[in-house]
Amino acid sequence: SALGKTKLPKIEILDLNYNHIIDVGDILLLLRHIAQNNSNDVAKKHLDWKFGDFKTEIGDVNKNNQIDIGDILKLQRYIAATNDKNVATKHPDWLKL
């Protein structure tokens, strides 16, 4: 079938919530991790928001050795481009992860 020949993105690389798609849930996990790392109060209250080594590696979307707003922006752009053909046409680089 045609679907069998379609090259799909490596979703497992950025699928932080393991639902087999890159979506706002993955962005939420990045936001939580950033909050946990930047606030002592949040860190004490939400120990489970801190990523382990594996999630830290895959959460560093822009590969600058930290999880920050740049990773969130890259995922937001990817989601926008994959959900809107006009956005993908105007910003084809947003489809690259």
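Reader: Why does His33 count as buried?

Author: This is a predicted model, and in it His33 has a relative accessibility of 3%. Buried means under 20% relative accessible area, so His33 counts as buried.

Reader: Where is the place of His33, and with which residues is His33 in contact, leaving aside its neighbours within four places in sequence?

Author: His33 has its place in helix 3. With neighbours within four places in sequence left aside, His33 is in contact with Trp49, Lys50, Phe51, Thr56 and Ile67. Contact here means heavy atoms within 4.5 Å.

Reader: What makes Lys63 exposed?

Author: The relative accessibility of Lys63 is 53%. The term exposed applies over 50%, so Lys63 counts as exposed. Lys63 has its place in the loop between helix 5 (53–59) and helix 6. Its phi is near 55°, a positive value in a residue other than glycine.

Reader: Why is Tyr18 called partly exposed?

Author: Tyr18 has a relative accessible area of 48%. Tyr18 is found in the loop between helix 2 (11–14) and helix 3. Although Tyr18 is not a glycine, it has a positive phi of about 55°.

Reader: How do you know that Lys96 is exposed?

Author: Lys96 has a relative accessible area of 60%. Since exposed means over 50%, Lys96 is exposed. Lys96 lies in the segment after helix 7 (85–90).

Reader: Why are helix 3 and helix 6 called roughly antiparallel?

Author: The axes of helix 3 and helix 6 cross at roughly 170° and come within 10 Å. Angles over 145 degrees count as roughly antiparallel, and helix 3 and helix 6 are therefore roughly antiparallel to each other.

Reader: Which residues make the contact of helix 3 with helix 6, and how many of them are nonpolar, polar or charged?

Author: Helix 3 contributes Val24, Asp26, Ile27, Leu30, Leu31 and Ile34. From helix 6 come Ile69, Asp71, Ile72, Leu75, Gln76 and Ile79. By class, this contact has nine nonpolar residues, one polar residue and two charged residues.

Reader: How many residues does the largest nonpolar core have, and which have the most contacts inside it?

Author: The largest nonpolar core has 15 residues. Those with the most contacts inside it are Leu16, Ile22, Leu30, Phe51 and Leu75. Helix 3 (24–38) and helix 6 (69–83) each supply at least two residues of this core.

Reader: With which residues is Leu30 in contact, once its neighbours within four places in sequence are left aside?

Author: Leu30 is in contact with Leu16, Phe51, Gly59, Ile67, Asp71, Ile72 and Leu75.

Reader: How many helices and strands does the protein chain have, and what pattern does it follow along the sequence?

Author: The protein chain has seven helices and zero strands. Read along the sequence, its pattern is α-α-α-α-α-α-α.

Reader: What do burial, contacts and accessible surface come to in the protein chain?

Author: Of the 97 residues in the protein chain, 28% are buried. Among its contacts with a separation of 6 or more, 37% are accounted for by residues 24 or more positions apart. The accessible surface comes to about 6900 Å², and 56% of that surface belongs to carbon and sulfur atoms.

Definitions and conventions:
Residues are numbered from 1 along each chain as its sequence is written. This is a predicted model: local features need pLDDT of at least 70, side-chain atom pairs count only at pLDDT 80 or more; totals for chains, interfaces and linings use all residues. Side-chain values use heavy atoms; hydrogens and water are left out. A nonpolar core is a set of buried Ala, Val, Leu, Ile, Met, Phe, Trp, Tyr and Cys residues joined through side-chain atoms within 4.5 Å. Buried means under 20% relative accessible area, exposed over 50%, partly exposed in between (1.4 Å probe, protein chains only). Accessible areas come from the Shrake-Rupley method with a 1.4 Å probe; for residues, only the protein chains shown count as cover. Axes are lines fitted to C-alpha atoms, for helices over the stretch in contact, and angles run from 0 to 180 degrees between N-to-C directions. Angles under 35 degrees count as roughly parallel, over 145 as roughly antiparallel, 65 to 115 as roughly perpendicular and the rest as oblique. Ala, Val, Leu, Ile, Met, Phe, Trp, Tyr, Cys and Pro count as nonpolar, Asp, Glu, Lys and Arg as charged, and the others, Gly among them, as polar.
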